Amino acid sequence: MITLKINGKEHSVDVDPTMPLLWVIRDIIGFTGTKFGCGKGLCGACMVLMDGNAINSCQMPISAIQGKEIVTIEGKTENLQALQKSWAEFNVPQCGFCQSGQLITATSMLNNNPNPSEDEVNGNMSRNICRCGTYTRIKEAITHCVELKNKG
Amino acid sequence: MAPIKNISRRGFIKGIGLASGGLVLASSAYSFSNFGSKEEDILEFNPNLFVQLNSNGSLILVASRSEMGQGVRTSLTSVIADEMEADWDKVIVKQATGDAKYGNQNTDGSRSVRTLFETMRKMGATVKAVLITAAAKSWKVPESECIAKNHFIIHSSGKKIGFGDLVEIAKEISIPENVILKDPKDFKFIGKKLPSIDVENLSNGSAVFGLDKRVPNMKFAAIKRCSVAFGTVKSVDKTEALKINGVLDVVEVPMLIKAFGPLGGVAVIATNTWAAFKGRDALKIEWNYSKNTSYNSETFMDSITANVHKPGKVEKSIGNIDNAFKKANKTHEATYKLPHLAHAPMEVPNAVVSVKGDICEVWAPIQSPQAARREVANFLETDQSNVTINVTFLGGGFGRKAKPDFIVEATAVSKAINGPVQVVWSREDDIQHSYYHTVSSQFLKGAIDKNGKVTGWLHRFALPTIGSTFTPGRDLPQPWEARSATDVPYDIPNLQIEAGKADAHVRIGWLRSVINIPHGFAINVFADELAHEAGKDPLEFRLNLIGKDRIQETKDAYKYDTSKLKHVLKTAAKNAGYDKQLPEGHAIGLAVHYSFYSHVAAAIEVSVTNGKLTIHKISVVIDCGTAINRDTITAQMEGAAIFGMSLAYYGKITAKDGAIEQSNFHNYQVLRMPNAPKIQVEIVNSNDKPTGVGEPGVPVIAPAIINAIFKATGKRYRTLPLSDHGLV
């Protein structure tokens with residue numbers, strides 16, 4: 001049995017300790033907002049927050065997660081919720097499939113750097129692929145969110 | 001692309017009645033003839049669309065087309081709501097299952113809005129008329145004294161009644177045969193920027209994509225397919241696979257040689273996706289490789305290039321091309337070579353299927369739910385009425401998910417294990433077993449007279465045809481695959497378009513903007529080359545090449561209008577600052593193309609520093625007739641620009657001994673944020689009927705980049721991707 005803390009709740013699962021967190025979240029616990037995109041840590045669709053930092057959950061064996069705080073797209077944190085609001089304002093998603101990962105990466109960036117420069121936004125967000133090509137809107141939404149927070 | 005058939009007004013309203021407490025209005029409006037010829041033999045056309053008004057005022061509008069990011073669930077339903085004078089906050093969008101009663105549901109060919117706009121308007125207007133009649137009747141006043149506004153019918157005296165409160169009375173009202181549509185100046189949603197009705201669900205993880213569907217007792221499966229197209233299983237040793245924790249079973253999946261047939265292989269069934277993948281990797285399979293083991297991309301490119309360097313099948317001939325070359329002051333020729341592409345939607349192909357005896361239920365991200373229903377029914381040898389296709393959100397489609405092969409194979413697995421299963425493709429499966437965008441070689445030759453005017457244009461292309469997927473062995477293009485070359489909008493007296501032979505060795509399919517990618521590339525780059533040869537400015541030269549204002553002769557109901565083509569080109573150039581002084585080393589390249597009945601131009605500003613390309617800004621202008629949702633159109637142009645950049649920068653699928661060499665996003669790269677430039681989109685104001693939006697933004701991007709690089713550096717690149725040239 002491995003106990004995980006996801007979105008503030010504990011879940012005990014009886015699985016192979018080498019199973020990546022992604023599949024535990026999606027197939028065992030049943031949160032499907034975290035997406036499978038490549039299985040190799042290349043596309044960022046599977047991003048979750050581990051102690052506030054974005055990780056590719058498809059690359060993280062569940063044995064390495066014990067004692068860590070995991071937040072998925074279904075979770076609630078100040079930065080995530082502010083970004084989600086901004087996402088809606090700029091009508092960012094097209095198909096939406098990558099947006100969980102995009103939002104988690106953006107949240108992680110703002111957790112660590114409340115005022116990212118454009119280069120820092122590009123650098124952080126380069127971990128995530130959007131095949132629909134919503135990059136310019138993602139960037140606008142992040143910028144807007146930062147501006148609002150600075151005003152607030 | 002065939003015209004729309006006449007509308008039978010009498011057939012417009014099929015029935016009205018009460019269902020689950022609401023007023024249901026169904027329409028059997030008319031048949032559309034189909035786009036192109038790629039599906040013409042396989043679809044039924046019997047549209048039947050739905051509006052349901054509930055007594056609590058909630059309004060259920062059915063989206064008959066699949067949502068894959070193009071905003072169709074919002075655009076189509078907003079048209080009904082607009083004509084109906086409905087309150088958008090009361091609208092609930094319900095996704096249609098795959099059923100012929102909805103008419104053609106194929107979500108491809110950039111066709112949803114352009115083919116359904118009028119139907120949706122009439123649907124909304126009819127409901128509004130019924131509600132006005134109902135209110136007038138209950139108030140005993142003339143209908144002419146009543147108007148509809150924001151979900152209420154309002155009498156001139158000021159009294160008003162909510163739409164929901166009229167449901168009981170409305171069901172007794174006979175349906176008007178003729179309805180008056182709104183004056184476009186009164187549109188509330190159409191032509192505005194309505195946000196996606198799904199934006200919140202798509203930002204909080206709650207939208208259910210195919211991969212997210214769960215049903216009780218569902219198992220997970222992964223399938224090992226032969227690395228060479230149409231290879232079959234000789235033997236399988238499943239011992240090691242069965243030892244993996246979570247693996248339940250191993251079953252063979254049959255191969256069906258038909259357009260949407262599964263490739264076949266060996267499926268590993270497990271309690272979770274990861275175990276299924278691990279089990280799949282542990283299989284030991286011997287294959288009967290097919291004749292496609294001979295497929296090697298390099299030698300194949302040489303062979304189709306040889307075929308365009310000699311006469312081919314004449315698709316179009318005007319004047320006398322040989323004489324034009326003889327008389328020319330100057331001739332110029334170029335050969336363009338473009339590789340296969342894979343769609344790589346962020347959500348891999350997948351399907352949940354539950355077969356119980358004769359009954360089958362499917363949940364899948366599918367662009368063609370009716371084709372899926374037909375193929376599943378055929379596979380199970382059951383009636384289509386026993387098959388339900390539930391359409392989930394699609395995590396991207398781009399044409400890949402128009403082919404329901406992945407649903408048929410999941411059906412085979414569900415049947416074999418006698419229970420519900422989700423078949424999940426890995427990214428490697430997706431890249432290596434796709435229906436690939438075709439590989440192409442094109443030869444163009446131009447004749448220029450002493451005044452710098454183009455007097456001759458020869459365009460030969462050879463590319464494996466999508467027709468080969470439907471008719472194995474076909475090695476020449478279908479008529480619609482020649483059209484984007486034969487419809488070249490240049491006013492040239494001697495013109496010849498020819499097709500060379502090309503065999504298919506992988507499944508060839510349609511990918512966002514399809515044949516317009518290679519044709520749009522060659523036509524736009526070669527025109528730019530001719531401008532240089534003629535010593536003219538590319539914009540001025542191109543406008544002259546397009547020539548006088550005229551409607552190009554096509555077989556379509558839509559107008560291919562050279563004045564629109566010139567307008568979008570001039571506007572894109574202007575928006576990009578074509579006439580302005582640019583920073584040192586910067587240059588703007590142009591391209592303009594007509595596809596899916598829309599006129600689109602791009603002007604792209606680049607610079608090349610230390611051998612590396614930077615794209616600074618993309619200016620896109622589209623004339624798509626009446627704009628339904630301006631924000632969606634803008635988003636589609638932005639997305640198309642990124643899609644076009646991805647294929648220009650990195651897009652390349654190659655085969656060695658029949659097996660695809662790329663496997664995941666490390667060697668089949670797509671654009672990421674640091675390379676995404678500023679994208680400015682202008683939508684031409686128009687009251688003409690709406691035309692395509694999802695695809696026509698793609699074909700102009702790569703050629704405009706190539707033309708810009710030439711202007712900036714003097715180097716002409718005639719092959720893609722640019723990563724092969726070390727530019728990115």
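Guide: One cut-off is needed at the start: a residue is called buried when its relative accessible area is under 20%, and exposed when that value is over 50%. Please also keep in mind that this is a predicted model.

Visitor: OK, so is B:Glu85 buried or exposed?

Guide: B:Glu85 has a relative accessibility of 11%, and because buried means under 20%, this glutamate counts as buried.

Visitor: Where does B:Glu85 lie in chain B?

Guide: B:Glu85 is found in the loop that runs between helix H1 (72-84) and strand S5 (91-95) of chain B.

Visitor: And over in chain A, which phi does A:Asn91 have?

Guide: The phi of A:Asn91 is positive, about 45 degrees, and this residue is not a glycine either. A:Asn91 sits in the loop between helix H2 (78-89) and helix H3 (99-112) of chain A, and with a relative accessible area of 10% it is buried.

Visitor: Changing topic: what kind of peptide bond joins B:Leu720 and B:Pro721?

Guide: The bond between B:Leu720 and B:Pro721 is cis, with omega at about 5 degrees. B:Pro721 belongs to the segment after helix H17 (701-713) of chain B.

Visitor: How is chain B divided into domains?

Guide: The assignment gives domain 1 (13-186), domain 2 (212-290 + 354-424) and domain 3 (297-341 + 435-725). For domain 1 and domain 3 of chain B, the C-alpha centres lie 39 Å apart, and 19 residues of domain 1 are in contact with 19 residues of domain 3.

Visitor: What area is buried between domain 1 and domain 3 of chain B, and what do carbon and sulfur atoms give?

Guide: About 1,500 Å² is buried between domain 1 and domain 3 of chain B, and carbon and sulfur atoms give 64% of that area. The count of salt bridges between these two domains is 0, whereas 4 residue pairs are in polar contact across the interface, both partners being at pLDDT 80 or more.

Visitor: Which helices of domain 1 of chain B supply residues to that side?

Guide: H1 and helix H2 (112-139) of chain B each supply at least two residues to the side of domain 1 that touches domain 3. H1 of chain B gives the most, with 4 residues. By class, that side of domain 1 has 5 nonpolar, 10 polar and 4 charged residues.

Methods: Residues are numbered from 1 along each chain as its sequence is written. Chains are lettered from A and ligands numbered from 1 in the order in which they are written. This is a predicted model: local features need pLDDT of at least 70, side-chain atom pairs count only at pLDDT 80 or more; totals for chains, interfaces and linings use all residues. Side-chain values use heavy atoms; hydrogens and water are left out. Buried means under 20% relative accessible area, exposed over 50%, partly exposed in between (1.4 Å probe, protein chains only). Domain bounds come from an automatic or database domain assignment. Contact means heavy atoms within 4.5 Å. Buried area is the accessible area (1.4 Å probe) that two parts lose on being put together, summed over both. A salt bridge is a side-chain nitrogen of Lys or Arg within 4 Å of a carboxyl oxygen of Asp or Glu. A polar contact is a pair of N or O atoms within 3.5 Å; within protein, one must be able to donate a hydrogen and the other to accept it, and residues adjacent in sequence count only if both atoms are side-chain atoms. Ala, Val, Leu, Ile, Met, Phe, Trp, Tyr, Cys and Pro count as nonpolar, Asp, Glu, Lys and Arg as charged, and the others, Gly among them, as polar.
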